[in-house]
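Hi everyone, thanks for coming.

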Amino acid sequence: MCQKHIEKAAKTAGASKANCDKKTKILTISYDESKTSNDAIQKGVAAVGYDTEKYPGDMKAYKALDECCQYDDKK
């Protein structure tokens, strides 16, 4: 479920392709630089509660995630 949330958030922020690898915890994206940016996509993922390389996940959104999508050090 987490994978789908993250991929959807990335696509909503402008990614044309998004693939979240659950084992490595790496999100691979493709996007058109004339329409969005890596920064905008990271902000979009953070806005739905997930930490990115540059931005912490929004705490209110994080608390609304399914329990399986939450992790101990953020609770």
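So, first a term: buried means under 20% relative accessible area, exposed means over 50%, and partly exposed is in between, using a 1.4 Å probe and protein chains only. By that rule, 31% of the 75 residues of the protein count as buried.

Some housekeeping. This is a predicted model, where local features need pLDDT of at least 70 and side-chain atom pairs count only at pLDDT 80 or more, while totals for chains, interfaces and linings use all residues. Residues are numbered from 1 along each chain as its sequence is written, and side-chain values use heavy atoms, with hydrogens and water left out.

Okay, the layout. You can trace α-β-β-α-α along the sequence, with helices (H or I, at least four residues) and strands (E, at least two) being DSSP runs numbered from the N terminus.

Now, which residues touch the most other members of the largest nonpolar core? They are Ile6, Ala10, Ile41, Val45, Tyr50 and Leu65, out of 13 residues in that core. α1, β1 and α2 each supply at least two residues of this core. A nonpolar core, by the way, is a set of buried Ala, Val, Leu, Ile, Met, Phe, Trp, Tyr and Cys residues joined through side-chain atoms within 4.5 Å. In soluble globular proteins, nonpolar side chains tend to be buried together.

Let's zoom in on tyrosine 50. Contact means heavy atoms within 4.5 Å. Leaving aside neighbours within four places in sequence, tyrosine 50 is in contact with Cys2, His5, Ile6, Val45, Tyr55, Pro56, Gly57, Leu65 and Cys69.
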